[in-house]
Amino acid sequence: MAISETATQAKSEVTVDWLPDAVLRSDSPLSEQIYARLREVIVAGRIAPGTALHEPSITKQFGTSRTPVREALLRLRDEGLIDIKKQSGTFVAPIDPDRVVEGMIVRESLEPRLAAMAAEKMTDRILADLIFETGQMTKAVESGNSLLFIASDDNFHRILLDASGFPHIVEIIQRVNAHLDRVRYLSASEPVRAQTALDEHHAMIERLRAGDATGAAEMLLAHLEGSWVLIRELLAQQNRSREEAERGKVSGEETG
């Protein structure tokens, strides 16, 4: 009995150093905030696939009860970002290639349409926000800060989609985008196609400024299709690395 209690205590005291900012606000549901924080660190690759997520440690880090943590973990499981195994625990899930393709299909189908609607409702304030994020992307390229580049690019797209006035469709896009973004973060050390993406953002802004709905939709579709070339390359690289690791594991077991 004493051994079991000691093991349980040790498990609950596992540090969560990948989650440094765990302060929760009182103005929004706790489970929503916890979900957003955990999703962010998983998508950004701050914790590797296969990493164990210890519920008691996360609960202690956030300083809350276990209920909102469990609710957040269930949402992450539904998105395919974590695996909850009754016998062994909760773990960060590997990137699912099928979900990456799903994200591509959804974004290609919906984002150009929303961009066209946004062009028809464009305001000076929204344009200023889009210009600001594009400026942040430029600074990120100049400083070699790839994480800032990806974050600013995401903000640009979110601002643009929100301008369409269809928040539920935007929510659908965000929900299926997690695995796609995980692949994007694999390129964080060497942003490929960054200058091209910047040029496309500037061209998009001009179409939005002119209220050119058709041009905005066409520009966004071309922008996405160009990005998918890189995504597919990164996904193929990851698949090759995984296959090589599996072959090495099998070879080692046979030698042993």
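Author: Helices here are DSSP runs of H or I with at least four residues, numbered from the N terminus. The model is predicted, so to speak of local features requires pLDDT of at least 70 and side-chain atom pairs count only at pLDDT 80 or more, while totals for linings use all residues. Residues are numbered from 1 along each chain, and side-chain values use heavy atoms, without hydrogens and water.

Reader: Which helix gives the largest share of the lining of the largest pocket?

Author: That is H7, with 11 residues; a pocket is an open set of points on a 1 Å grid where a 1.4 Å probe fits, with protein on both sides within 12 Å along at least five of seven lines, and lining residues have an atom within 4 Å of a point.

Reader: And which residues are closest to its centre?

Author: Of 46 lining residues, those are Arg39, Asp154, Gln174, Asn177 and Asp181. By class, the lining has 20 nonpolar, 7 polar and 19 charged residues.

Reader: Switching to the largest nonpolar core, how many residues has it?

Author: It has 30, a nonpolar core being a set of buried Ala, Val, Leu, Ile, Met, Phe, Trp, Tyr and Cys residues joined through side-chain atoms within 4.5 Å, where buried means under 20% relative accessible area with a 1.4 Å probe, protein chains only. H11 gives the most to this core, 11 residues.

Reader: What is methionine 204 in contact with, beyond its neighbours within four places in sequence?

Author: Methionine 204 touches Phe156, Leu160, Ala216, Met219 and Leu220, contact meaning heavy atoms within 4.5 Å.

Methods: Buried < 20%, exposed > 50% of the residue type's maximum accessible area, 1.4 Å probe, protein only. Helix = DSSP H or I, 4+ residues; strand = E, 2+ residues; numbered from the N terminus. Nonpolar A, V, L, I, M, F, W, Y, C, P; charged D, E, K, R; others polar.
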